[in-house]
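Please look through the sequence and the model shown here before reading the briefing that follows.

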Amino acid sequence: MNSSTGRKPTPRGLFGRIADHRLDYLYILPAIGVMLLVIAYPIYYTFYLSFFRTPPSLAMSDKVFNGIGNYITILTSESFHEVTINTVVWTVWSTFFATALGLGAALVLNRQFAGRGVLRGLLLIPYVISAVAASYIWRWIYHSDFGVLGAILNRLGIIDGKLNLLDNVNLVLPSLIVVNVWKEFPFAMIMILAGLQTVPDQLLKAARVDGAGAFHRFLHVTLPHLKGVMVITVLLLFVANLNHFTIPWIMTGGGPAGASDIWITQIYQIAFGRIRFGLASAYSVILFAVMVVIGYFYVRALTGNDDVRRRG
Amino acid sequence: MFALISARKGRTLGGVGALLVSSAMLVAGPVSAQGSDTGVDPETWTPEYVRSIAGQTEPNTAEECSQVVPLDYSGSVDYWYVGPNEASPELEHKMYDDFWAAWEETYPNIEVNAQNLGYNDMLNKLRTAALGNAAPGVARLPILWGSEFAAKGQLSELSPEDVGYKTENFWPGAMKSVTQNNKVWGIPTNNETMAFIWNAGIFEEAGLDPEKAPDTWAEVVEYSKQINEKTGKAGYGLVARVNAGNTPFRFMPMAWGEGGGALDEASDSPSYQEVWVNNDGTRRAVQNYYDMYVRDKSVPVSALTNTQTENQDPFLANQLAMVIAHPSEYATMLDRANKATGDDKAAAMQVVDNMRYGMIPRGEDRRAVVFGGSNVHIFNPDNVDGDLDMEAAKALVCFMTGPEWSTKLAWVSSNPGNTRGFETVWMKERLDTIKFLDVSTSMLPSGIPFPPVAESPEIMNIIIPEMLQNALTEKMTVEEAAADAEKKVNALLNGM
Amino acid sequence: MSRRSYNAGWSLTGWVFLILLLIFAVAPMLWMLITSFKSQFAALKYPPEFIPSNPNLEQYERLLSPKNEVGRQFLRYMANSIWVSTATTILGVAVAVPAAYAFARFRFPGRQALFFSVLFRNMFPAVVFLMPLFIMMRWMGLVNTYSSLIITYLTFGLPLSIWLLKGFYDNIPIELEQAARIDGCTRFQAFYLIVMPLSAPGIIATAIYSFITAWNEYVYALTFLNDDQKLTLPVGLQRFFTEYATNWPGLMAASFIMSVPVVVMFLILQKYFVRALTEGAVKA
Amino acid sequence: MAQVEFQNVVKSYGAFEAVKSVSFTVEDGEFVALVGPSGCGKTTTLNLVAGLLDLTSGDIKVSGKTISDLDPKDRDIAMVFQNYALYPNKTVQQNLAFPLKMRKVPKRDIGAKVAEAARLLEITHLLDRYPRELSGGQQQRVALGRALVRDPQVFLMDEPLSNLDAKLRVQMRSELKRFHQDLSATIIYVTHDQLEAMTMADKMAVMSGGVLQQYDAPERIFEEPANTFVAGFVGSPSMNLLPATAVERDGAVYATGDGWELVLAPRNAASARASSGPGIILGARHSSLGLHDTETPGCIQARVFTVEPTGDITFVHVDVGDSTFVISVDPERRIAADQTVWIEFDQNKLHVFDAQTEKRIAPG
């Protein structure tokens, strides 16, 4: 088999193949390296700590092994139920409205008219603004005593007296969702807009020839085509919302009376307000578990789309 | 040596000094919390007395500290503190600048890497830093915070004697806040009590005596209602945000006054084991809050998201009649009024003119106020970034806790933690120039420190505010909210 | 109903929707701007003045003038933010580009698993990692340095960047690189001269994304930086205005100034963003 | 120009061998077509020459020097891709100049060479356009130009015409051939279209399953296919193959199948005897077969399946046992489907293959 040069047949097996491709790994090394650095140890540490009791009166080195005690404490606590409902409400509705508004905006913007670029730009602004700034802006707009929103509604005669949103257990979460939707709908819009630009013109023309009206063209041609990008958008938003910390924390700190407390604010509160790092770690692990389930679908959606792309 | 330091034990005071000036001052009710082994005798502690001792001495800080650490000592230390910020009066900025200038002159070879951190950020940062063994060598912390670090063994032992001073020269309540397991973990730098501030203009508008503050908390509730009904403005500046230090600073005086508390910190000899958060007194205080916020709607609606800082604006804008605030509030307000322009300026100056200081109202049981201030601590070398230069740390601590700088750094907003500071020429200057200083200073003997236990921050910053929010949002009744808080405090003390 | 009027109705609904949405999106920004021109006292009038009766630039002068302490600090925070965000962006692109390229082109063992693990980063909430990361940064001696932030920020932008760019590289025919190599390029030159320019929209988009993420980040900056001189804008913003007094006009002015760079950058480059998403991400 | 020598070239991916020990030599100035069905390893072989893939073992030499370890850029070869691989963000001018630029050719010379190539390919008027603004044929010319401009030792072409429409393909085919003649360039040309290979190449290398089946001039491959694969692959319609059993009786050799029997002429009988077993395969091109309407001795009976008139020639598909034959007849002939016919073999043009090895047995 060997002839004039010294080329030898490639060694087989996984290690052989890894050795073959060793140069390829150099390309991803920096990315994987920094990821590992920032993620691996914290994950390990969080899991580890979740089995320890760390009351504020004890130094970290004196922590007490507690088995799954922290998990039991969380899952049986009264607030867990309430906070979980808040989390679901916050995540689902934020995602739903952001996607719905984004879809609407994308459909309207997906036609030619003068000033389209400017309009698109204006609609994108909330997305770029920092969550800290956005939280302050909206807190000021909502302000129960000096808020402009209350003043406008008063002037329009819709309400009489002060508009109490952030200091109201029933309205605080919906009000925060509005802020979150304001911040996120442009992302959905731009994703879907990108998706719309790949809808084949021929298909729409064919549907028109077949006598389909605008609505039916949307329903039977555009929407099915958008399925992939919609799934990705929804999942990205879902994950982002589940992890969203800044808006509820800065605007209300989870209050009043826990009405806007979600998992992530609880975790921060337990860790840094109540200094129970063990308990907070266990809470985080529960959040991880939920994330991993969602993450499974998320990654599948991302790479599933990838497969479609490769075939297409 | 000093008459103001008394050895009398366990005295409960009858009538503390309405120190002074303002006609608004009323005689205080029974006060306690001051007297264990050493104590300042509130009977001698009158405004006249304070004035009489002020201006007698001009201590030489460099000379005093040279006994502890030689002035040519060479070293370095990291130092974190909550110093003046954007909203602070300019005078305070100047005092800190002077402090650093004097320090550099006295100890030219000790390099201090000082970080002025925000009040809201500092506690979390310090916790994380201590955990990661990245704590500073020296930190000056608000009075409540040190306990937690001491409990975790993250502080070095540090008493006034370690830097050449005497324990008797510091307020007993303040020493209590740095004592844990019979060991001393820090030195008080400054101590203050808040005062009751009102806008005489709004009082007049509402048909109230503009020069007379409400004497009891029950009256505050009535005044607030009347002001709101007559003027449409907010009566009392109630705050109930969670995780905001100034919520308990405003609620606890009312709870103690009515005979309640978080633990038994308001008792003559607190054990910090009993839970008072669900007693009649605390419930009465919560009921007062409920009456103002829910029943009468006579306070800012935004109270549940607001911190005290957000009450400053409406007060200055003539929209809010009564607040509990720092001694420095007047200076701050004056400062801000001066910065205003045009019509705003005239209006703001008007409000400042109408500002009145009085004692914190009494409850059914007593008159009380939070004994506040700061302590300076040296961290445990194990938790410090790099090697801890103990000599440099001591030099810095000595320098700032002496009579000179404990007075000057407390210039606008507080009082010297080192009581020798009251005799200095600088104290005299303060009394001569700062309006209402005597009023807030006269509240000092009524001060009760927060429980110096590791659980304190959680009780004060989370459990108490949550109790208020539960009641004010009507998620729970007042009774349920108090019972709920009691349950949480008990769970906490049981090591949950 | 005839089709023509049906379509017209559809179109009218669209316009009404668009106008309402535009109000929703822009009105808060407008109110921010209006408030920032008021004095602290005027801001507290109720009902508020919709047009400031006495507009002034006091807040902006204070923030942007290096002559006073506040301005110096604010400008320093801004410089810090620019530095951290720029470094994050450059490093982010430098790290994401080869990784995305390798994921798209090479068939090394473990490729899929590694790709998933990169995408998985977004699953973990920032807050949860604060403490362990701090401890780790401390080990590495990076506390109170920008490196700690840059390393952390890198990982925020990477998943989306790599995913987006991989989409680009998947769509660039491998023959282009082969042609280039035969035409005299090394592997690197083929990539640098031929493939990189073709993925420029994707690179620009990921760069903007990285920059904005870094520019706006708050929690880690709050935890990792101690030095007053090193703070970034979001932390500085909070420190300035909420500690002892809530100066709403000042807060709004600072928010506005802080938003200007990213908004302007985004408005100019948004078309690349859409293009990148179209070509890189959603192409089906 | 140069000679290209393949020596036991092997390319494997893990356990899969895409190219199995291929050896042949392309002489200087030759136009060699690598043909075979898709997946046969022809493109892989080309990429091995280009250096886009690394050899697993064996060696490739250009002008006697091994190039196996060289980078593509150092091999002095040019390549034309199926999808042209024009740089989309460069103009035609820049596309043509790129290989020269990379080789640090002086700027002045670049201009001259590009102009010359453009003139030769008649694309001078397109120089300022971008690839997306060109038609398929124009892009093809630019791709060719980019290869040409460098004056390389070897041209590699990977199905360069397959993306063109039929008419253009025919035209480009003749142009390419002319181009080869003018430049007397060494060209290795990959195609799956045997007709393209036949018409253009000096030599054809037929590949299947990674194995080089036959390497020879097109007419030799057509006339003397090495095995049944080559026989079936080359020529259109492809050669009719009829499995049979050779039976020796009365000194003569008969090929027998399902209901038919054919006595083999001596030259073919000798071949059949040389077979490794009784199983043989008869191969006959459509033109070497005749059709009779009536029973004729020495012919095989069959049934007409369909009739395909193409104008100047008519193809008749007939069923013989399990096999189908394609036979060309004069368009005047009237033949209907389902009609019974008799097939006559021109034994001088009959091929005999060993059924076991599938190799052709040369007439004795």
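How many bridges join strand β1 (residues 4-13) of chain D to strand β2 (residues 16-26) of chain D? There are 7 bridges between these two strands, which run antiparallel. This is a predicted model, in which local features need pLDDT of at least 70 and side-chain atom pairs count only at pLDDT 80 or more, while totals for chains, interfaces and linings use all residues. Residues are numbered from 1 along each chain as its sequence is written, and chains are lettered from A and ligands numbered from 1 in the order in which they are written.

**Strands and turns in chain D**

- Helices (H or I, at least four residues) and strands (E, at least two) are DSSP runs, numbered from the N terminus, and two strands pair if DSSP finds at least two bridges between them.
- Within the pairing of β1(D) with β2(D), V9(D) has V22(D) as its bridge partner, and the two strands form a hairpin with 2 residues between them, where G14(D) in the turn has a positive phi of about 60 degrees.
- β1(D) is also joined by 5 bridges to strand β4 (residues 57-62) of chain D, again in an antiparallel manner, and here the bridge partner of V10(D) is S57(D).
- A cis peptide bond, with omega about -10 degrees, joins S236(D) and P237(D), and P237(D) lies in the loop between α8 (228-233) and β11 (240-249) of chain D.

**The open sheet of chain B**

- In chain B, 6 strands form an open sheet with mixed pairing, in the order β4-β3-β5-β14-β8-β15.
- The strands β4 (110-116) and β15 (415-416) of chain B stand at the edges, each with a single partner strand, so one side of each is left without a neighbour in the sheet.
- Strand β8 (residues 187-192) of chain B runs antiparallel to strand β14 (residues 372-378) of chain B and is joined to it by 5 bridges, with S374(B) in β14(B) as the bridge partner of N190(B).

**Two packed helices in chain A**

- Helix α4 (residues 78-109) and helix α10 (residues 214-242) of chain A pack at an angle of about 140 degrees with their axes 9 Å apart, where axes are lines fitted to C-alpha atoms, for helices over the stretch in contact, and angles run from 0 to 180 degrees between N-to-C directions.
- α4(A) and α10(A) are therefore oblique to each other, given that angles under 35 degrees count as roughly parallel, over 145 as roughly antiparallel, 65 to 115 as roughly perpendicular and the rest as oblique.
- Residues of α4(A) including W90(A) and A98(A) take part in a contact with residues of α10(A), among them L237(A) and F238(A), and residues are in contact if their C-beta atoms, placed from the backbone, lie within 7 Å.
- By class, this contact of α4(A) with α10(A) has 6 nonpolar, 6 polar and no charged residues, where Ala, Val, Leu, Ile, Met, Phe, Trp, Tyr, Cys and Pro count as nonpolar, Asp, Glu, Lys and Arg as charged, and the others, Gly among them, as polar.

**Where chain C touches chain A**

- In this interface, 85 residues of chain C are in contact with 83 residues of chain A.
- The largest share of the side of chain C that touches chain A comes from α1(C), which gives 17 residues.
- By class, that side of chain C has 68 nonpolar, 13 polar and 4 charged residues.

Note on methods: Contact = placed C-beta atoms within 7 Å.
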